[in-house]
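Me: I am new to this entry and would like a short walk through it. Could we begin with a single residue and then move to the whole chain?

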Amino acid sequence: MHHTTGLGWARLPMLAAAFIFGSVLVASAQTVPTMPNSPAEEADEAEEAPAANVNDPDVLNGIDVDKLDWVQLGADASTLRDEIAAKKRAAKAAGNDGPNWSSNANANGSSAVNVKQSITPFWDTRIGADMTVARDPTTMSELLAQKAANGGNLPTSSGSAWAAATAPGAGSIWDKTAVEARVDPGAENSKLGASLTKSVPLSSEYGLTLQHGYSVNQQGTTPIPGIAGHITRSSEIDQQAKVTITDTGTSFIAGQTLSSSDDKWLRKFGAEQKLYDGVTISGSVGETAQGTTSKSLTAGFKKSW
């Protein structure tokens with residue numbers, strides 16, 4: 001947009017507002033019936049209404065009507081509604097400084113409890129814990145039901161703590177860096193992993209995502225009388241390429257995994273399809289260390305608000 005006269009363009013928002021306000025008044029006058037005024041009221045309105053004067057300033061002076069940009073008046077109402085909803089969600093997330101708790105009941109009588117909290121927006125740092133809480137039976141029938149659901153044993157409580165951070169990449173080499181650490185004191189297990197992600201747009205309809213991950217797993221054993229405890233470590237490399245078709249929501253995945261315990265690359269192929277309202281279905285075929293084929297078919301649902 002080129003500015004011809006500063007004063008004329010400064011009056012344009014006022015002119016647009018007056019145009020909209022006048023349209024609303026005309027629409028309301030056509031839809032809402034009005035009662036006829038009395039002769040005295042009509043006389044008072046005639047006295048109050050100012051007469052038009054030829055000496056009044058022209059608000060369109062210096063403005064070329066043919067060059068006005070009316071695009072701003074044609075804004076999509078749905079777009080404005082989505083922007084307002086996004087701002088409300090951001091304000092709600094900013095105001096929620098406490099931990100986020102969630103709980104789900106398991107079939108064996110225990111409960112899966114998860115808690116997570118954002119530490120700092122810098123690198124999107126988060127901490128949390130995933131726990132299995134077993135409830136003590138209060139009656140003999142509950143005791144027998146829990147033993148039957150757990151193969152004759154009572155469920156036990158367990159849990160693991162984790163910390164995760166998402167950092168930017170390194171220029172054009174990769175786009176995103178993700179780091180996660182997890183510790184399970186009950187099982188004496190700890191894991192530290194990192195992944196690098198690079199997104200490459202192939203065209204307006206196709207996109208390629210490359211991911212390279214590396215993790216180290218440490219497993220300890222509890223010492224018993226006569227046998228000292230020991231610690232074993234294993235590492236794993238995971239490489240994955242994912243091609244996504246934007247129009248159909250279909251993704252094809254090819255990857256391979258190398259573990260220090262197997263010393264052999266295990267390949268995996270799969271596909272994922274987004275259906276509707278956050279529902280996805282995925283299937284994969286992969287190799288195992290024993291030389292057999294592993295197949296899986298899963299469906300998932302994800303909703304954010």
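**A residue and its surroundings**

Reply: In this predicted model, Ser195 is buried, having a relative accessible area of 15%.

Me: Why does Ser195 count as buried?

Reply: Because buried means under 20% relative accessible area, and Ser195 has 15%.

Me: Which strand holds Ser195?

Reply: Ser195 belongs to strand E6, which covers residues 189-201.

Me: And what is Ser195 in contact with, leaving aside neighbours within four places in sequence?

Reply: Its contacts are then Lys176, Thr177 and Ala178, together with Gln211, His212 and Gly213. For Gly213, which is 18 residues away along the chain, the C-alpha atom is separated from that of Ser195 by 4.0 Å.

Me: On to the sheet. What is the order of its strands?

Reply: It is an open sheet of twelve strands in the order E1-E2-E3-E4-E5-E6-E7-E8-E9-E10-E11-E12, and the pairing is antiparallel. At the edges are strand E1 (100-105) and strand E12 (293-301), each of which pairs on one side only. On average, neighbouring strands of this sheet are turned by 15 degrees against each other, direction ignored.

Me: How many bridges link E3 and E4?

Reply: Seven bridges join strand E3 (residues 125-133) to strand E4 (residues 158-168), in the antiparallel sense. Ala129 has Ala161 in E4 as its bridge partner.

Me: Now the whole chain: how many helices does it have, and how many strands?

Reply: The protein chain has five helices and twelve strands.

Me: What share of the residues counts as buried?

Reply: Of the 305 residues in the protein chain, 13% do. The chain exposes about 22,600 Å², with carbon and sulfur atoms supplying 59% of that area.

Note on methods
Residues are numbered from 1 along each chain as its sequence is written. This is a predicted model: local features need pLDDT of at least 70, side-chain atom pairs count only at pLDDT 80 or more; totals for chains, interfaces and linings use all residues. Side-chain values use heavy atoms; hydrogens and water are left out. Helices (H or I, at least four residues) and strands (E, at least two) are DSSP runs, numbered from the N terminus. Buried means under 20% relative accessible area, exposed over 50%, partly exposed in between (1.4 Å probe, protein chains only). Accessible areas come from the Shrake-Rupley method with a 1.4 Å probe; for residues, only the protein chains shown count as cover. Two strands pair if DSSP finds at least two bridges between them. Axes are lines fitted to C-alpha atoms, for helices over the stretch in contact, and angles run from 0 to 180 degrees between N-to-C directions. Contact means heavy atoms within 4.5 Å.
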